[in-house]
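Please look over the structure shown here before reading the notes that follow, which are arranged by topic.

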Amino acid sequence: MKTTHQRFALFLIVGFVTALTLPACDQPVDPITEAVSADGQAGINMPSFEETRAIAEEGFIDGLPLVMNYAVMNEFCVDKESGQYKAPFNQIHNEARVFTYKDTAVVTANSDTPYSSLWLDLRAEPMVISVPAVEKERYYSVQLVDGNTFVYGYIGTRATGVEPGDYLAVGPDWNGETPPGIKKVFRSSTPFGLTIFRTQLFNPDDMPNVVKVQSGYKAQPLSAFLGQPAPPAAEKIDFVPANTKGIKDNFYEYLDAALQFVPETPENRSVRAKLATIGIGPGKTFDFKDLSLEHKAEVLLGMKAGSDKVDAFAADGGKDQNGWQVGGLAGGDEAFFGGNTLKLAATAKAGIYANVPAEAMYPATRKDTHGDAIETSKHNYTLTFPAGQLPPVNSFWSVTMYDGKSQLLIKNPIDRYLINAPMLPDLKKNADGSLTLYIQKDSPGAEKESNWLPAPDGTAYLVMRLYWPKTEAPSILPPGEGSWSPPGIAKAN
């Protein structure tokens, strides 16, 4: 049932608009009755107000990963003026650098590994992704993510080894046989999806070697790979413009657009039918913008309720280990999420395109060892790894600093966004062999600056990344239940 405060607020919103349009001598019209009447006159058969709010809440949770992905896709490969544009569909874009504070399309971005990206359009035919031989010391991974943000496959050091190979990405409707020369077929649940290449950088002077590896990444249509005539091209699409900054203000418009490119399945059929009753999605019979003010207000209340649930799950979805949330949020395929749309939405909100646990683990924290918010505008902090207790990985680890509100990398005087394992030779250890990182907005001084992780003048959000975590003890696996835990963030003053 609607609370008295909510009903009163809605009464004021609608009543104020009604008062502007009625002659002074007329009796006020009940805003709820007027809203129902207005929808009826427009030919709209709406659910009740309570049902509308519930549908909007469910639609927000189910739709958040789709909307975030759709906005990133627009910025990366549709809108050439977005400031984040990389390349058109089916063309690899290599970055001979790591992400910095200037990269704003993806929250909680990885600044460990230079990225290569490939947005796949699988409507006309499958695409062949080819990788070169990579030295075994250098970690690399190719992560395939579809429009639902499900991770549907991996190529790379852990998953397929370091030998060269050709792999096939296919759309949801492809029914062909595996062609000769293809090592493995990966099936996307949507016709559009992102492929993310991560290539380890050992130090700044190592960039030419990374570029050499990146030059060996290839993508081509299956027909070209087989030397056959190409099928007819897919129909050109005029995508509804979208960007990540506009998600909050345009959520349901973006969702309306994104749903066109996510096929209906038995799992999403119910929520789609509900969304259509409030004018959202491919099956709609009217536009959301045509709703009465009262119904629009209910939709906004539902959106707020859904957003609060996502934030709460993202904040406490894992197991608390010394203030870090461990094991709650990770990427995975459809089976991994098992229909838990809240977990999928929280994962996207916390760090869209997250790896699966076997590929990387992501302990994250906003709290110090006392459970208080990490406020680097007021305090300095330390993170100390005891001797012999660095993160247990087969590849490498890192600790990255983000702004606590935006979850973006922060501008700082030494252009340092993280401290990671390749930096160990330049870090200073304590007399007992432990390693202390200094987390603060101002330099800790020349003697400690090698171990300084610059922080924002505000609240901080830290993410630890363990690439290819070890499975033998000590290990962070299974997620949230492993024998190794990250040490807490301690307040220094």
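**Briefing on a predicted model**

Apart from neighbours within four places in sequence, Thr-149 is in contact (heavy atoms within 4.5 Å) with Pro-65, Asn-69, Gly-332, Leu-344, Ile-352 and Tyr-353. This is a predicted model, in which local features need pLDDT of at least 70 and side-chain atom pairs count only at pLDDT 80 or more, while totals for chains, interfaces and linings use all residues. Residues are numbered from 1 along each chain as its sequence is written, and side-chain values use heavy atoms, leaving out hydrogens and water.

**Thr-149**
- Thr-149 lies in the loop between β4 (140-146) and β5 (151-156), where strands (E, at least two residues) and helices (H or I, at least four) are DSSP runs numbered from the N terminus.
- Thr-149 counts as buried because its relative accessibility is 8%, buried meaning under 20% relative accessible area, exposed over 50% and partly exposed in between (1.4 Å probe, protein chains only).

**Helix α3**
- A kink of about 50 degrees lies at Gly-63 in α3, shortly before the proline Pro-65, the bend being the angle between axes fitted to the seven residues ending there and the seven starting there.
- Helix α3 (residues 49-78) is mostly covered, with 24 of its 30 residues buried.

**Helix α4**
- In helix α4 (residues 207-214), the buried residues are Met-207, Val-210, Val-213 and Gln-214.
- The buried residues of α4 pack against β1 (93-94), β2 (115-121) and β8 (192-199), whereas Pro-208 and Lys-212 are exposed on the other side of α4.
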